[in-house]
Amino acid sequence: MTTYISLSNLDLVGASVFLVLNAVFSLVLKLNLERQLLTSCLRMIVQLLMVGLVLKAVFAVSSAIVTLLIAMIMIVFAGREIWARQERRLSGMWGYSLGAGSMMFAGTIVTVCALATQIQPQPWWTPQFALPLFGMILGNTMTGVSLGLDTLHSSIFRERTGIEAQLLLGRTRWEAVLPSTRRALRSGFTPIINAMAATGVVSLPGMMTGQILSGVDPQEAVKYQILIMFLIGGATGLGVLGAVFGSVWRLTDHRHRIRLDRMRARST
Amino acid sequence: MLEIAELETRHVGPISMNVSGGECVAILGPSGSGKSLLLRAIADLDPNAGRVALNGQIREEMPACEWRRKVAFVPAETGWWADRVSDHFADTDDVGDLLAAMKLSDAMEWEVSRLSTGERHRLGIVRALQTKPRALLLDEPTASLDGDMTTAVEELIRHLLAGDVSVLIVTHDEEQARRIAGRSMRMSDGQLTPEAGAAS
């Protein structure tokens, strides 16, 4: 078995050669991409260095409260991302809290269950395990929830006359919105279904690659990856279901009406 | 009888009026005066306040779905949600006579995307009558129809009136109001007033 190989700063500079080459091409060919390349590259370096520092400190402190705090900050940012990715969204507090809430609920339940019953670090919230796991689950749930809500809202907005025609024939709000609900759920589930189908054939998942590079036996890495895919799939499904049905409930009322007044288009 | 008391919705009301069984009341008025909003409010499609009842049964005391089967509303723009016309009808045998009256006997086989505006509207009326409603709210039912079809729709309305259905019709056509409605009301800025010099 190979062991972990540490990288020096010089290694990183060496690895950036090809990216620098791209910037040179951009200059020569007047593609005007060099500025964007440079700024996003610098952003990545700064963000990752900071995350490295923060994680190092958090791992050193190893406190349940600090771990919880970091998890909450992750939820706040992911919730904001869900909100920003929707063309039309629920107005007021609902616009943020429904997406963020479903994601938090699904992500937390799945992460805590996995930590407590399958991975079982001591104590169960050990940040080295809890935070990366929660991050992977949250990131995928975030993508699913934002796709599901975006599809639902644009579909209800577009299909309004058809939905109202069904309501007028005496159908319930759930029946009338069902085609839009189905479309939204399918759209929210698609990324994780595609990821599961393609994984290992098209590309090795990042986490598994990381484990193999750090010297873990590939079969062990595969087991971890399967566990992660189950967790991600489960959490994404729960989050999408919660968010989409919650939003259908909010965009209709007890008198079986469509309430587009509770939805707003993105202003920018 | 359709009873409406102190009905208020966005930009409209308060409005009080009754439409007896077998009576047709026409609502005239400029575009944007709130005629369609009034019909939507009666059908309970938009949030509204006030008292609405059919034959003594208060709307809020029955599920909204049941109310809309009894008080059918055909909006000016008919909605469709499936590809084939027949998918929009619960039982296609049930509406054979209505389809024949609307000259749409073959329509069940058609694709929705190929329907003309007039065909959509006539099918919308037939569809709304599937549930055998006791009151009918029509929003410009003949706006996109030619003379023959307008006559056919008016015949159908007379037939429903003979069966004691209450009919409330929004129209821009004052001649039509005189032909089929017992009385007319005029909507202006969300307020409804009896039409001066209306027949009967």
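The model is predicted, so to speak of local features takes a pLDDT of at least 70 and side-chain atom pairs count only at pLDDT 80 or more, while totals for chains, interfaces and linings use all residues. Residues are numbered from 1 along each chain as its sequence is written, and chains are lettered from A and ligands numbered from 1 in the order in which they are written.

Chain B carries an open, antiparallel sheet of 4 strands, ordered β2-β1-β4-β5. Strands (E, at least two residues) and helices (H or I, at least four) are DSSP runs numbered from the N terminus, and two strands pair if DSSP finds at least two bridges between them. At the edges sit β2 (12–19) and β5 (57–58) of chain B, each with a single partner strand, so one side of each has no neighbour in the sheet.

Going through the pairs, β1 (residues 2–9) of chain B runs antiparallel to β2(B), with 5 bridges, and B:Leu2 faces B:Val19 there. These two strands make a hairpin with 2 residues between them, and B:His11 in the turn has a positive phi of about 70°. On to β4(B): β1(B) pairs with β4(B) through 6 bridges, again antiparallel, with B:Thr9 bridged to B:Asn48. Strand β4 (residues 48–54) of chain B then joins β5(B) by 2 antiparallel bridges, one partner pair being B:Leu54 and B:Gln57.

As for the interface, 16 residues of chain A are in contact with 18 of chain B, contact meaning C-beta atoms, placed from the backbone, within 7 Å. Helix α7 (residues 160–168) gives the most to chain A's side, with 7 residues.

Key
Contact = placed C-beta atoms within 7 Å.
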